[in-house]
Every structure is written in structure tokens, then in C-alpha cells.
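Here's a quick briefing on the model below. Have a look at it first, then read on.

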Amino acid sequence: MLSSIPCMMIRGGTSKGAYFLAKDLPADVTERDKILLAVMGSPDARQIDGLGGAHPLTSKAAIVSKSTLPDCDIDFLFCQVVIDKALVDTTPNCGNILAGVAPFALERGLMVAQDGQTRVKVRTLNTGTIAELLIETPNGIVNYEGTARIDGVPGTAAPIAIDFLDAEGSVCGKLLPTGNVRDIISGVAVTMIDNGMPCVVLRADSVGRTGYEPRDELDKDKELKARLEEIRLIAGPMMNLGDVKDAVVPKMILVAAPKSGGHVSTRSFIPHECHSSIGVFAASTVATACVLPGSPAHEVALIPDGAVKTLSVEHPTGEFSVRLEMGGTDAAPVVLRAGLLRTARLLFDGRAFYKKG
């Protein structure tokens, strides 16, 4: 006999996920994860018996509730449902799925929408990161239609402005977990950094690539993947992440000089597949690495002037603009705030059916 659970599917940014109210899922983590795996169809490479899309970007879930903090509105737990393993990873953040949390919270009545625009302050429980989302709510109704466009998503939609209030060191404890802008791992210069997403940033040419290769070519590059994994497994303990063999962090980011009018070119591995674009927190973290003198990213990036910088992070299917508010000095810059623009769309609302057991 099949069981079912209330569920919304929402496209958030360049990802897609199943959104649930926390009260509809078991409090016991093991039982909760069994349901998430069954709903998404894992473990199975095609996720043919579930809602998952057989790709890390479409095998995600959000668990949402009213916040227990007096100065926040919503609590959000991000779940990366691993495709080919019976594993739900709640280690990382996901800024794309975050973009859908505010619409979901309003649709489910966790907050009352204002007429015009509604600000929703969200705490990501995975890391404690707090973000403020601004969404359009004419007549108190969530608007999904508009003219905002983000690369990696066809068409246009209503804009969702996201400001990260305290992303620095959200997973690793510090922006630079080793205390260094530059470290050497297996003969390769890297920056290990966390401004919302633990990332290992390295120049593409340091591993024999240009950084402009098509996504599919890099995804089939077994030699490159083995080299990156060698570096990643060493970096994990150095970043206070422990053994990362079965974890989805840190992400591996190849950087090169910009090629299409942006400020830096990237190829992101998440961590065992090459991303068709780049994740929200990864883009914020790479942009931060770009403004740190001595980092491999700083060596290849074009850095705009001014205390408020908008960096265009190029990726295989376009670009991702990150807004940084800077403090400190030129020699020792400090990122005070990072922000960006996303969109989201409600795909369906109903009940997800799954096999129990």
C-alpha cells in the first residue's frame, strides 16, 4: 500500500526540489530520510520510481517551518538527496532551493504576505546562515511572472532578491579555514574558502585545462575528476569537514580569466559532476576568493573598482552576478555583505506518493 505526504515542487533558481512542511515529516531523522529517499526515488541512477530528476540539481528537498528565532521568520533545512546511494546529506547550503522557501512559506500560510512586496528572513538550519528574501506579492498573492532572467533557466520570471547576512564561514567555521588565502595541495595552489559554500578554488591551467571546455567534455574527463578528487579528499580535513569521501562538499571550482565580458570564468564540480552553471553559494564564495589578493582566483579575475562591486561569474551556460559590499583595505579586504538575484516558480502542489518500508 502506498503512503503519501503533502508536497510542493518548486523550481528555485537553477535547481528544482520537493518542499515539505516540517510538521508533515517524522521528527526522527532516520524515518524522515527514508521518506525523502522514497519520494525522490533513490537509490537509483534514473530515480525512475520517484520525483527526482536523476541529477544532483533536481534531487533536492526543503523542509520548512516557522522560525524558533525571534528575529527570523522561517527555518529551512536543505536536503541533498543522493541519487545512487541511500543517503540524505544535510551538510551544505543551497541558495537556489532557498529562493523557493519564501514563496512556499507564503503559499502554506506560515506568514501573511504584504501588498506589493514581502520580506522574508530565513535561517538555513544546516549552517545557521541567515538571509533576507524580497519577493513580489501584489494584493498579498505571490507573483511568479516577471521580466527577471537568470542564465540556466529558460524564459523570465518575477525577481527574488537575496541578501546573505552572515554566510562567512557558515560550514567551515571561518572564511579561510586554514587561515591562508593560498595553500598547496598535491602541488596545486588552491584557496580553501567558505562564504556560504565550502569550495576549493584553483586555476584551471594548474591541472592542465583551459577552464573554457564545454560542461559535457569536462564531465567525461576521468583523469581530471580523479585529480580533483585527490585534492578534495586532502582538503576536507584541512577545512574542518573531516572525511569528505561521501559528502557533497567541498565543491571544486576551476577558474580562468573571463572570456565573455564578465569578471572570472568558472567550471564547478559538485563535486563529482560538472555543473551546467554554478550554485548560488558557490558563486558568492568564488566571487569572494576573487577579491582576496594572493588567491589563484585573484590572479585571473578582473576586479571592478569601488566599495560595492558587482562581479559577473561566467559559467558554461551564461553568467551569475554577485554583489559584494567591501570593507577593510586593498591589501586586506573584507566582504561585509553578499547579495544576488534569483527567480522561482511553483510547479505543482499536491501529495507525493511513495512506497513505505
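**Strand pairing around β16**

Strand β8 (residues 160-164) runs antiparallel to strand β16 (residues 333-342), with five bridges joining the two. Strands here are DSSP E runs of at least two residues, helices are H or I runs of at least four, and both are numbered from the N terminus; two strands pair if DSSP finds at least two bridges between them. This is a predicted model, where local features need pLDDT of at least 70, side-chain atom pairs count only at pLDDT 80 or more, and totals for chains, interfaces and linings use all residues. Residues are numbered from 1 along each chain as its sequence is written, and side-chain values use heavy atoms, with hydrogens and water left out.

**More on β16**
- β16 also pairs with strand β15 (residues 318-328), antiparallel again, over six bridges.
- A hairpin of four residues links β15 to β16.
- Gly 339 in β16 has Asp 163 opposite, and Arg 323 stands opposite Gly 339 too.

**The whole chain**
- The protein chain has seven helices and 17 strands.
- Its C-alpha trace spans about 55 × 45 × 35 Å along the principal axes.
- Of the 357 residues, 57% are buried (under 20% relative accessible area, 1.4 Å probe, protein chains only).
- Among contacts (heavy atoms within 4.5 Å) with a separation of 6 or more, 63% come from residues 24 or more positions apart.

Terms used. Buried < 20%, exposed > 50% of the residue type's maximum accessible area, 1.4 Å probe, protein only.
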